[in-house]
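Trainee: I'd like to go through the labels on this structure and ask what backs each one.

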Amino acid sequence: MDSWYICIVILCVLAVVEVVLNSTWNKFYFLYGIPVFRKTIEIQNLEKANTEITYLINHIDSINAFKRYTGHIFNEQTFFFRKQILISGRNNFDDIKGSIYIDAENREIVVKGFLSYSYILALIVALLLFINLSDLVSGIILSVVCIVGMVLLSFVIGQRKYNLLVDEITERIK
């Protein structure tokens with residue numbers, strides 16, 4: 001019983017840490033992590049690209065595919081995006097986050113996406129649940145299968161969302 005309390009406390013701490021990193025637009029949280037998407041877009045006019053991406057980030061929730069998203073300008077070349085924190089919805093598999101970087105030296109825009117740390121939390125919860133419901137080996141196997149399925153589903157849906165974002169950027173900087 002004591003191990004359950006320790007696990008619950010650990011899960012709560014990890015959840016609070018992710019919410020804090022997410023809500024404070026922590027640089028590390030949005031620039032590093034488990035990469036799931038990376039695409040570059042060549043640009044001709046750096047000034048237009050910067051203006052358009054700044055506008056896009058400030059108004060990302062006005063785009064139909066990104067109504068539940070928000071953006072943040074970190075500096076003149078680096079922009080972050082994520083799902084709004086207090087938005088409830090049926091589909092949480094499209095919960096993408098990442099960064100947009102204008103590389104003036106190489107004249108390109110780099111869009112990166114990272115897997116949310118929530119999946120690590122989900123793995124821990126599934127692991128604890130399945131180990132408690134069965135023996136150690138089958139609990140580990142069941143939890144890994146569940147998490148791999150969730151990650152794959154999220155990856156497929158996320159790729160679509162990331163590509164929509166790249167299309168939107170490409171259209172704006174033409």
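**Labels and their grounds**

Mentor: Start with E171, which counts as exposed because its relative accessibility is 52% and the cut-off is over 50%. Bear in mind that this is a predicted model.

Trainee: What makes K174 exposed?

Mentor: Its relative accessibility is 66%. Exposed means over 50%, so K174 qualifies.

Trainee: How do you know that K174 and E171 form a salt bridge?

Mentor: Their side chains meet at 3.5 Å, N to O. The limit is within 4 Å, so the pair counts.

Trainee: Why is R172 called partly exposed?

Mentor: R172 has 21% relative accessibility. Buried means under 20% and exposed over 50%, so R172 falls in between.

Trainee: What makes E52 and E168 partly exposed?

Mentor: E52 has a relative accessible area of 22%, and E168 has 23%.

Trainee: What links E52, E168 and R172?

Mentor: A network of salt bridges. R172 meets E52 at 3.7 Å, N to O. That pair links distant parts of the chain, with R172 in helix 5 and E52 in helix 3, 120 residues apart. E168 also bridges to R172, with the closest N and O atoms 3.0 Å apart. E168 and R172 both lie in helix 5, four residues apart, about one turn of the helix. Both distances are within 4 Å, so R172 to E52 and E168 to R172 count as salt bridges.

How values were computed. Residues numbered from 1 in each chain as written. Predicted model: local features only at pLDDT ≥ 70, side-chain atom pairs only at ≥ 80, totals over all residues. Heavy atoms only, no water. Helix = DSSP H or I, 4+ residues; strand = E, 2+ residues; numbered from the N terminus. Buried < 20%, exposed > 50% of the residue type's maximum accessible area, 1.4 Å probe, protein only.
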